[in-house]
Amino acid sequence: MRKSEAERLIDEAYEAWEAEEWLTAAGLLEQVLAHYPDEERSAVWWYDAALAHKFLRNWAKAYELGREAAARAPHGEGEPAYWNLGIAATIQRDWATAREAWTGFGITLPAGEGEIDGRFGPACVRLDTGGDREVVWIDRLCPTRGRVMNVPVTAGRRFGEIVVHDGEPKGRRVVDGREYPVFDELLLFEASELPTLSVTVDASEAADVDALVDLFLREGYGAEPASSFEVLCGCCSEGTHEQERKVHAGAQQVSLAAPEEEACRLLDQWAGQVAAGRRWSGLEPVAQG
């Protein structure tokens, strides 16, 4: 391929890029890279071709091209080529490459080999539900994976599942003066076996509802009072939003994540902890779509 032909294809690739025609853009860049893998500008072409496949959720190609992009990126300087490779390698469950990618980006990982199971702090993820976009809290296990710590109201989603999220925050939540990023979900990485249940509880104090939530969490389960949910428009959801936990007393629905027998046991334990003022009824499974 002559360089003049390569320049024409590069121009066409970035015209397709501007039109968000990711498959066309990636294909044209790959044609050029087959002949010119190590030109001065090739590192950018490798990166953009990999990124286009990331947008397409073609993780095998994003992984393949991302390895080439990272191989041409400076080490330890926060280069995004490493981050995108870390995501793709995680999804491919190539833990050695994922570890190399995060280290190449400049992140210090827990010592060891294989799957990364660290403590990277709390964050939020906007679940990709194909409809309403629910934001949940996660406990981050690595730079791109997190365990869901809420009981989602979206059908088919569960407490305790592990999701892969993107690296660029799309919004922030502020709690007690501290900011937490909101990431977009890329995919469901590991499903949860815990069923979602619904129960009506009646509590005389908001602290009684908090006690129920704490009890379930201590046992490794989830409890989410209806009064803690907040509906935001898309614009507010992707902005910086100050979040205040609002749990009220009285009768309300609570979503639970636990086996039904365990849920009954814990609800009885919660109700029996005080002489009066705590009641529950109507425990039933929530249909999962």
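**Exercise 1. State which residue of β6 stands opposite Ile162, and describe how the strands around β6 pair.**

*Solution.* Step 1. Ile162 stands opposite Glu190 in β6. The structure is a predicted model, in which local features need pLDDT of at least 70 and side-chain atom pairs count only at pLDDT 80 or more, while totals for chains, interfaces and linings use all residues. Residues are numbered from 1 along each chain as its sequence is written, and side-chain values use heavy atoms, with hydrogens and water left out.

Step 1. Strands (E, at least two residues) and helices (H or I, at least four) are DSSP runs numbered from the N terminus. Two strands pair if DSSP finds at least two bridges between them. Strands of a sheet pair through backbone hydrogen bonds, either parallel or antiparallel.

Step 2. Take the partners of β6 in turn. Strand β4 (residues 162-165) runs antiparallel to β6 and is joined to it by 4 bridges. Strand β1 (residues 122-126) runs parallel to β6, with 3 bridges; here Arg126 has Asp184 of β6 as its bridge partner. Strand β5 (residues 172-175) pairs with β6 in the antiparallel sense over 4 bridges.

Step 3. Arg173 stands opposite Tyr180, and Val175 stands opposite Arg178. The hairpin of β5 and β6 has 2 residues between the strands, and in it Asp176 takes a positive phi near 50°.

**Exercise 2. Give the strand order of the open sheet of 4 strands, and explain why β8 and β11 stand at its edges with one side left without a neighbour.**

*Solution.* Step 1. The order is β8-β10-β7-β11, and the pairing is antiparallel.

Step 1. β8 (222-225) and β11 (278-285) each have a single partner strand, so one side of each lacks a neighbour in the sheet.

Step 2. From one strand to the next, the twist averages 25°. Angles run from 0 to 180 degrees between N-to-C directions, and axes are lines fitted to C-alpha atoms, for helices over the stretch in contact.

Step 3. Strand β7 (residues 196-203) runs antiparallel to β11 and is joined to it by 6 bridges. One of the bridge pairs is Ala203 with Arg278 of β11.

**Exercise 3. Describe how helix α4 packs with α5.**

*Solution.* Step 1. Two packed helices are described by the angle between their axes and the distance between the axes. For α4 (residues 59-71) and α5, the angle is about 145° and the axes are 8 Å apart.

Step 1. Residues from α4 in the contact include Trp59, Tyr63 and Arg67, and those from α5 include Tyr82, Leu85 and Ile91.

Step 2. By class, the contact residues are 12 nonpolar, 1 polar and 1 charged. In this scheme Ala, Val, Leu, Ile, Met, Phe, Trp, Tyr, Cys and Pro count as nonpolar, Asp, Glu, Lys and Arg as charged, and the others, Gly among them, as polar.

**Exercise 4. Describe the largest cavity and the second largest pocket.**

*Solution.* Step 1. On a 1 Å grid over the protein atoms alone, a cavity is a set of points where a 1.4 Å probe fits but cannot get out; a pocket is an open set with protein on both sides within 12 Å along at least five of seven lines; lining residues have an atom within 4 Å of a point. Grid points are joined across faces, edges and corners, and a volume is the space filled by probe spheres set on the points.

Step 1. The whole structure has 1 cavity of 30 Å³ or more. The largest cavity holds about 60 Å³ of space.

Step 2. Its lining includes Tyr47, Lys54, Gly66 and Asn84. Helices α3, α4 and α5 each supply at least two lining residues, and α5 gives the largest share, 4 residues.

Step 3. The second largest pocket has a volume of about 310 Å³. Of its 15 lining residues, Lys54, Phe55, Asp166, Gly167 and Glu168 are the closest to its centre. The lining comprises 7 nonpolar, 2 polar and 6 charged residues.

Conventions
Contact = heavy atoms within 4.5 Å.
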